Amino acid sequence: MDKAGTTTLTKTEYKYIELNEDNVPIIAGTTMKVVELVEAEIAYGWSPAELHLNHRYLTMSQILSALAYYCDRKQELDAEIKRR
């Protein structure tokens, strides 16, 4: 957090993904971590459309961006999921 008490976010090359102050990727405009969305995809076998049906507050663009971010960093994020 900065001096004013607001959270500092870092933009990424993914329009809908930001890194929080702990460098954890989150979906922009939400508090949902990318790994949380991926965990739902893995646990339930949900397609992007099914993820959208079950997370109505996320746009399809946010979901697809999160999944693209995951695909590009699969090994790193799979290790994080395994640690959870």
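**Figure 1. Aromatic pairs in the predicted model.** Two aromatic pairs are counted when rings of Phe, Tyr and Trp (its six-membered ring) are paired if their centres lie within 6.5 Å, with planes under 30 degrees apart called stacked, over 60 edge-to-face and the rest tilted. The model is predicted, so that local features need pLDDT of at least 70 and side-chain atom pairs count only at pLDDT 80 or more, whereas totals for chains, interfaces and linings use all residues. Residues are numbered from 1 along each chain as its sequence is written, and side-chain values use heavy atoms, with hydrogens and water left out.

Figure 2. Tyr 14 belongs to the loop between strand E1 (10–11) and strand E2 (17–19), while Tyr 69 lies 55 residues away in helix H3 (residues 60–72); helices (H or I, at least four residues) and strands (E, at least two) are DSSP runs, numbered from the N terminus. Both Tyr 14 and Tyr 69 are buried, where buried means under 20% relative accessible area, exposed over 50% and partly exposed in between (1.4 Å probe, protein chains only).

**Figure 3. Close-up of Tyr 44 and Trp 46, a stacked pair.** The ring centres of Tyr 44 and Trp 46 lie 4.5 Å apart with their planes at 20 degrees, and the pair is therefore stacked. Tyr 44 is exposed, at a relative accessible area of 56%.

**Figure 4. Close-up of Arg 73 over the face of Tyr 69.** Arg 73 is placed 4.1 Å from the ring centre of Tyr 69, a charge being over a ring if NZ of Lys or CZ of Arg is within 6 Å of the ring centre and within 35 degrees of the ring normal.
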